[in-house]
Amino acid sequence: MSVQAIGPPIRVRGPRTRLRFEHFVMGGAILCLIVLVVLPLLTLLLGSVRGEQGMSLENFTEVLSNRLYVNALKNSLILGAWTGLFSLIIGVSLAWAVSRTDVPGKGLIQVTASLSYLSPPFLTAIAFVYLFSPNAGLINVLVRDVLGLPFLTFNVFSMAGLVLVTVLHTFPFVYLLASSALLSVDASYEEAAQILGASKLRTALSVTAPLVAPAILSGTLLAFVNAISLFGSQAIIGLPGRIVTLPTRIYALFDYPPEYGLASALSLLFVVITVVALYLQRAFLARRSYVTLGGKGARPQLMSLGPARWLVFGFVVLTFVVAIVLPYSTLIAVSFSKSWGLDFWKGLTLQNYKFILFEYNVTQRAILNSLGLATVAATIAVLLGAIIGWIDLRTRLPGRKLLDYFALIPLGLPGIVVAVALIQFWLAMPLALYGTLAILLLAYVGRYIPLGVRAANSSLRQIDPALEESAQILGASWLTTMREVTLPLIRPGLFAGWLLVFVPVIQELSASILLFSSSSITLAVAVYNLYETGYIEPVAALAIVNMIIIGAAIFVANKLGGGRIASRSGATQGLAS
Amino acid sequence: MASISIKGLTKSFNAGDDAPAAVSQLDLDIKDNQFVTLLGPSGCGKTTTLRMIAGYIVPDAGTIHVNGRLISAPGNVVPPDQRGMGMVFQNYAVWPHKTVYQNVVFGLKLRKIPAAQLKAKMEETLALVNLTGLEQRYPNELSGGQQQRVALARSLVVEPEILLLDEPLSNLDAKLRENMRVELKRLQRRTGITFVYVTHDQAEALALSDHIAVIHGGRLQQYGTPQDVYARPANRVVADFMGLVNLVPAKVAGPGTLEAAGGLKLQVALPDGIKTGDSVEVSIRPENIQLSVGGTGARATISERTFLGNITEYYASLDPGPTLRVQTHPAQVFAVGDKVTVEIDATQCSVFRSSAL
């Protein structure tokens with residue numbers, strides 16, 4: 001080729017198996033996973049069987065026989081069932097309207113679903129209390145005292161109120177899975193049924209419905225699991241209505257003196273429910289795979305609804321108003337009021353914001369804590385996820401599937417359960433982490449690591465291993481290959497995963513409520529505490545500040561994450577074939 | 001520059017005891033400055049072998065030496081990034097987030113080549129693969145053939161002693177494939193790099209290689225020049241794989257004499273160990289059969305005719321007996337149903353012991 005030689009192959013060494021840098025990185029990731037997930041869970045198990053004298057099942061007997069706990073279990077199941085049912089009805093209707101009809105305002109449906117999903121459920125709960133608390137709720141006062149129609153009042157402190165507030169957060173799970181399934185059903189499946197003489201209804205029932213049923217069921221189960229895990233709304237709505245659920249009961253067990261054994265046993269019971277539900281969910285979703293097989297040029301047929309489409313549109317608008325407009329306009333209105341009530345508009349003020357931002361000394365600390373924790377937790381979760389995903393997909397390490405399972409376990413762990421496990425584990429350790437930012441970080445990373453793993457996993461699957469191998473054969477070390485090839489290629493996916501962790505972390509309440517201290521307080525806890533103390537108007541101001549921060553963070557992350565690579569993703573896809 | 005010596009190479013992916021090994025007891029000596037092709041149907045183990053040479057896969061047993069230096073043995077493997085080889089992948093594996101320039105220069109930067117030399121090297125290599133002027137393009141702005149050249153340039157620019165190519169032409173369309181074939185062969189001559197080339201396309205293997213290693217079922221079936229492998233296949237698997245062939249059952253009637261059904265008689269050199277009375281199979285290439293009207297030899301009836309442009313293919317049914325595929329010059333025309341005489345160039349036939357029924 002050329003006279004001037006490039007030199008012999010680099011770094012020629014005799015063959016011997018030795019530890020390389022990547023082995024340390026991988027080992028570190030595995031160790032992190034063990035500390036984050038496996039050990040706390042084992043502590044939880046141990047704690048639940050530790051009785052007064054040695055090992056015993058007394059905690060479980062107590063939990064399964066005492067009405068206090070059985071009622072909590074019952075309430076959680078009732079809440080989950082109703083929420084699942086209504087999520088199913090709303091989610092499927094909206095998904096069907098978007099993907100199969102000519103209903104106007106499809107953009108509005110998308111917006112409603114995304115905003116409902118992103119809204120912190122405890123803020124919605126607070127807003128509904130402002131409107132529907134039995135005595136002072138604005139709408140109740142209006143209906144009862146002004147219009148004189150007392151039978152039209154609605155007591156939000158009831159199971160119905162709790163279900164309403166929860167559904168507003170969980171129907172997007174069904175909507176998202178159902179609409180993507182409906183969109184991926186190739187029109188030719190439906191056309192094939194029609195050409196054989198099947199009516200539209202018959203086609204929908206015998207072809208479309210079975211194809212999308214697994215996705216819909218899977219979404220419903222996700223809604224169920226999320227509904228029963230939410231601490232905030234269950235405390236804000238449920239407790240005043242004397243509806244105690246599993247998270248609030250577990251929380252109460254930490255009143256002095258804390259009942260670790262009972263809390264652990266109740267937590268495990270909780271986990272059994274969520275794990276069974278998630279297992280079913282995965283089983284249903286796995287059956288979905290055949291839908292996409294033929295779905296190359298999916299162009300679903302749109303049904304013409306005629307005048308009925310305005311009825312459907314009305315339903316969409318109603319959902320939007322109840323889920324978004326009502327809670328947020330209420331929070332905004334309260335935040336500018338001197339005193340919340342029918343005449344609130346007569347005394348508008350900025351005093352609440354001034355108090356929250358400058359006089360209440362917790363706010364600034366909470367904002368900094370939350371932003372810092374969410375940033376660091378999302379970054380760690382995504383990086384750990386990338387390494388674990390890489391081990392799973394690119395190595396033949398024995399036990400790598402097990403690693404993948406461990407990384408998915410936290411999906412089935414409600415926030416309060418994570419907190420119960422972490423408290424016990426770290427109290428037993430010589431390291432004083434309880435009450436620090438570090439234990440919150442551990443809780444967040446541990447809880448949301450599945451999102452990081454999944455984001456990394458799905459991006460890595462789209463990267464042909466040959467892209468990495470070709471760097472390797474040119475002499476690139478593992479680190480160089482990662483830096484030059486793998487990470488730049490999966491960057492968009494990792495950014496999406498980062499946001500997916502960041503958003504729930506910044507509004508996390510279920511685990512934080514047991515783990516915070518006055519110095520490590522977070523934004524969500526600050527809102528909750530202020531609400532509990534009875535500061536009605538300032539809470540709304542803090543809630544709005546909270547929402548602005550979430551919105552700004554999403555905006556910034558989206559700007560940063562877009563990047564140049566997305567525009568060239570076509571090339572990557574070509575390689576993935 | 002570099003020779004490769006493979007001994008007893010074995011790799012099995014399924015842990016089961018009776019699971020067939022992907023590669024089994026493979027011995028191969030690749031000499032310096034050669035174009036060697038690993039040829040076989042998909043799943044035969046040729047890519048596994050190549051990936052063991054590259055170091056991506058650890059063998060279960062056996063060794064690989066390069067220039068006498070051990071680079072692969074079970075539990076004792078030099079990682080790919082320290083082998084100084086080059087590899088071109090089936091799907092090119094050109095990095096989509098780097099320009100042509102960044103792709104090609106990657107290996108040079110790893111070797112800390114000074115900037116001036118780097119630029120010269122880079123331009124020289126791009127000229128070698130006809131990519132001059134496309135430095136700033138991204139891969140998705142290039143055609144498949146151009147991406148393939150980028151992959152080649154990226155591997156060649158670091159002057160590896162060994163270049164591994166895994167079905168590099170299979171994603172190109174027929175015309176481009178032919179052009180690249182010529183270019184690859186020329187490149188190998190000019191650079192003196194040892195090329196190890198994996199393909200399932202026997203025509204490609206015949207056209208390119210100094211030596212062909214025919215692999216089937218994880219085992220090496222034959223290793224020889226293209227002429228050898230084509231004209232003197234070592235067994236019926238090789239005969240069958242190397243292009244069209246008629247495999248006709250026959251009996252040994254006497255020393256060097258075969259009799260097949262339909263009155264077909266052949267005088268051939270018999271392999272060792274085959275005696276009178278044995279059942280054998282004789283492989284006859286379609287182009288070594290002459291059809292004529294009224295000649296001497298076995299009689300047959302034309303049962304099918306396919307015009308292929310440069311040749312015409314006939315199915316000639318011996319009476320009674322097997323049907324032979326025959327390729328003739330298109331000027332020679334027979335009609336379906338014509339009675340013809342079949343003459344076979346026995347010097348071009350190979351005889352194998354009958355496979356057990």
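1. Let me begin with E484(A), which is partly exposed at a relative accessible area of 25%. Please keep in mind throughout that this is a predicted model. The side chain of E484(A) forms a salt bridge with that of K98(B), at 2.5 Å from N to O. This pair crosses between chains: E484(A) sits in helix α21 (residues 478-506) of chain A, while K98(B) belongs to the loop between β7 (86-88) and α2 (100-110) of chain B. What about the burial of K98(B)? With a relative accessibility of 8%, K98(B) counts as buried, because the cut-off for that class is under 20%.

2. Over all chains, the structure holds 20 salt bridges. As a reminder, side chains of opposite charge can pair when their charged atoms come close. The next two points look at further cases.

3. Within chain B, E281(B) and R236(B) meet through their side chains in a salt bridge of 3.2 Å, N to O. E281(B) is in strand β15 (residues 279-284) and R236(B) in helix α8 (residues 236-241), so this pair ties together parts of chain B that are 45 residues apart in sequence. E281(B) is buried, at 11% relative accessible area, whereas R236(B) is partly exposed at 29%. Which residues of chain B are joined into one network by salt bridges that share partners? They are K121(B), E124(B) and E159(B).

4. In chain A, do have a look at helix α15 (residues 351-359), where N352(A), Y353(A), F355(A) and I356(A) are buried. Why do the buried residues of α15(A) line one face of the helix? Seen down the axis, they fall within an arc of 165 degrees, so one face is what they line.

5. Turning to surface charge, a patch of negative charge brings together E52(A), E58(A), E62(A) and E259(A). Where does E259(A) lie? Its place is the loop between α11 (246-252) and α12 (260-286) of chain A. E259(A) has a relative accessible area of 39% and is partly exposed; patches take residues with over 30%, so E259(A) clears that cut-off.

6. Chain B has eight helices and 21 strands, and its C-alpha trace spans about 75 × 50 × 35 Å along its principal axes. Of its 357 residues, 55% count as buried.

7. L244(B) is partly exposed, with 32% relative accessible area. How far apart are the C-alpha atoms of L244(B) and L318(B)? They are separated by 18 Å, and the two residues are 74 residues apart along the chain.

How values were computed:
Residues are numbered from 1 along each chain as its sequence is written. Chains are lettered from A and ligands numbered from 1 in the order in which they are written. This is a predicted model: local features need pLDDT of at least 70, side-chain atom pairs count only at pLDDT 80 or more; totals for chains, interfaces and linings use all residues. Side-chain values use heavy atoms; hydrogens and water are left out. Patches are made of residues with over 30% relative accessible area and no salt bridge: like charges are joined within 9 Å, nonpolar side chains (Val, Leu, Ile, Met, Phe, Trp, Tyr) within 5 Å. Accessible areas come from the Shrake-Rupley method with a 1.4 Å probe; for residues, only the protein chains shown count as cover. A salt bridge is a side-chain nitrogen of Lys or Arg within 4 Å of a carboxyl oxygen of Asp or Glu. Lys and Arg count as positive and Asp and Glu as negative; His and the chain ends are not counted. The place of a charge is taken as NZ of Lys, CZ of Arg, CG of Asp or CD of Glu. Helices (H or I, at least four residues) and strands (E, at least two) are DSSP runs, numbered from the N terminus. Buried means under 20% relative accessible area, exposed over 50%, partly exposed in between (1.4 Å probe, protein chains only). The arc is that of the directions from the helix axis to the C-beta atoms.
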